[in-house]
Amino acid sequence: MGLANSVVNENTKRVLYFLDNNEPRHIRSASMNLGIRTEAATLNEKGIDPQLTMDALLYGIELFEKIANGKIISSIVDIYPNKPKQKTIEVSLKRINRIIGIEMNPKTCVKALSDLGFKTTLDKDSIKVTVPTFRLNDMDTEEDVIEEIARIYGYHNLPSKLPPDESSAGHEYADEFFWEERAKETLKYWGFTETYTYSFVPENMFEGPIDDAVFVTNPLTEEFVYMRNSLIPSLLKSCFRK
């Protein structure tokens with residue numbers, strides 16, 4: 001990577017390994033605002049675990065020594081001011097059973113989490129889970145932990161049944177979906193047609209002052225920029241489309 005003055009060729013004598021870790025929100029914002037999508041941006045915007053940096057560096061040095069007969073001539077400089085804070089989540093066994101829907105063996109839960117790299121402590125009524133650094137960005141609540149347990153246990157092992165609908169009390173007439181389907185069926189036999197159109201429209205289809213429109217900052221196409229405030233233009237376009 002780089003230009004002619006920094007490229008590695010047969011005359012290269014010294015190589016500097018430099019690994020950095022970036023704040024994902026800034027990377028994502030800059031990449032989308034500038035419209036520049038690179039592999040580096042795609043990886044960094046997801047929040048790469050900074051704890052992996054040293055492992056990657058040491059493995060790179062190992063490969064350099066084996067393949068290119070390289071020799072280390074300096075020590076490693078590690079600038080690491082903002083180390084990630086440890087995150088611990090405590091989840092009750094009762095809550096695990098209620099959300100998953102079956103009586104889970106506590107040891108099965110602990111094993112599932114341990115196999116994923118979580119450090120666990122099993123108490124009488126709960127499990128304390130220490131989140132590994134590579135999962136800090138997506139593990140915040142008890143439900144996150146329970147989802148991991150269910151995923152490893154296997155969704156196919158869970159009973160296939162819907163939770164009871166207390167609002168309808170078992171009567172189809174109290175179900176709003178029943179009446180929605182009846183209304184659709186009635187209108188269909190009266191000669192009406194159901195139409196689905198996009199919520200975003202181009203400028204020439206927006207009704208009202210364009211300055212008042214809600215718009216997409218970085219649209220995929222000019223056809224879907226402004227959020228419509230009326231269904232009529234979309235319906236007319238659908239009706240008279242050739």
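How many aromatic pairs does the rule for ring centres give in this chain? The count comes to 5 aromatic pairs, where rings of Phe, Tyr and Trp (its six-membered ring) pair if their centres lie within 6.5 Å, and where planes under 30 degrees apart count as stacked, over 60 as edge-to-face and the rest as tilted.

## Basis of the model

The model is a predicted one, in which local features need pLDDT of at least 70 and side-chain atom pairs count only at pLDDT 80 or more, while totals for chains, interfaces and linings use all residues. Residues are numbered from 1 along each chain as its sequence is written, and side-chain values use heavy atoms, with hydrogens and water left out.

## Aromatic pairs

A pair of aromatic rings is described by the distance of the centres and the angle of the planes. Tyr-198 and Phe-224 form one of the pairs, a tilted one with 4.6 Å from centre to centre and 55° between the planes. This pair links distant parts of the chain, since Tyr-198 sits in the loop between α7 (176–189) and β4 (200–201) and Phe-224 in the loop between β4 and β5 (226–227), 26 residues apart; helices (H or I, at least four residues) and strands (E, at least two) are DSSP runs, numbered from the N terminus. Tyr-198 is exposed, with a relative accessible area of 60%, whereas Phe-224 counts as partly exposed at 32%; buried means under 20% relative accessible area, exposed over 50%, and partly exposed in between (1.4 Å probe, protein chains only).

Phe-206 and Tyr-226 form another aromatic pair, also tilted, at 6.4 Å from centre to centre and 45° between the planes. Phe-206 lies in the loop between β4 and β5 and Tyr-226 in strand β5, so the pair ties together parts that are 20 residues apart in sequence. Phe-206 is buried, with a relative accessible area of 11%, and Tyr-226 counts as buried at 17%. Together with Phe-215, the residues Phe-206 and Tyr-226 form one aromatic cluster.

## Two loop residues

Glu-45 is found in the loop between α2 (39–44) and α3 (52–68), and it counts as buried at 15% relative accessibility. Its side chain makes a polar contact of 2.9 Å with the side chain of Arg-37; such a contact is a pair of N or O atoms within 3.5 Å, of which, within protein, one must be able to donate a hydrogen and the other to accept it, and residues adjacent in sequence count only if both atoms are side-chain atoms. Not counting residues up to four places away in sequence, Glu-45 touches Pro-24, Ile-27, Arg-28 and Arg-37, where contact means heavy atoms within 4.5 Å.

Asn-69 lies in the loop between α3 and β1 (87–92) and is exposed, with a relative accessible area of 57%. Phi of Asn-69 is near 55°, a positive value in a residue other than glycine. Most residues other than glycine have a negative phi.

## The chain as a whole

The chain has 8 helices and 5 strands, and from the N terminus on its elements run α-α-α-β-α-α-β-β-α-α-β-β-α. The radius of gyration is 28 Å, well over the 18 Å that the globule rule gives for 242 residues, so the chain is more spread out than a compact globule; the radius is taken over C-alpha atoms, and the rule is 2.2 Å times the number of residues to the power 0.38. Along its principal axes, the C-alpha trace spans about 85 × 60 × 30 Å.

Of the 242 residues, 21% count as buried. Residues 24 or more positions apart account for 55% of the contacts with a separation of 6 or more.
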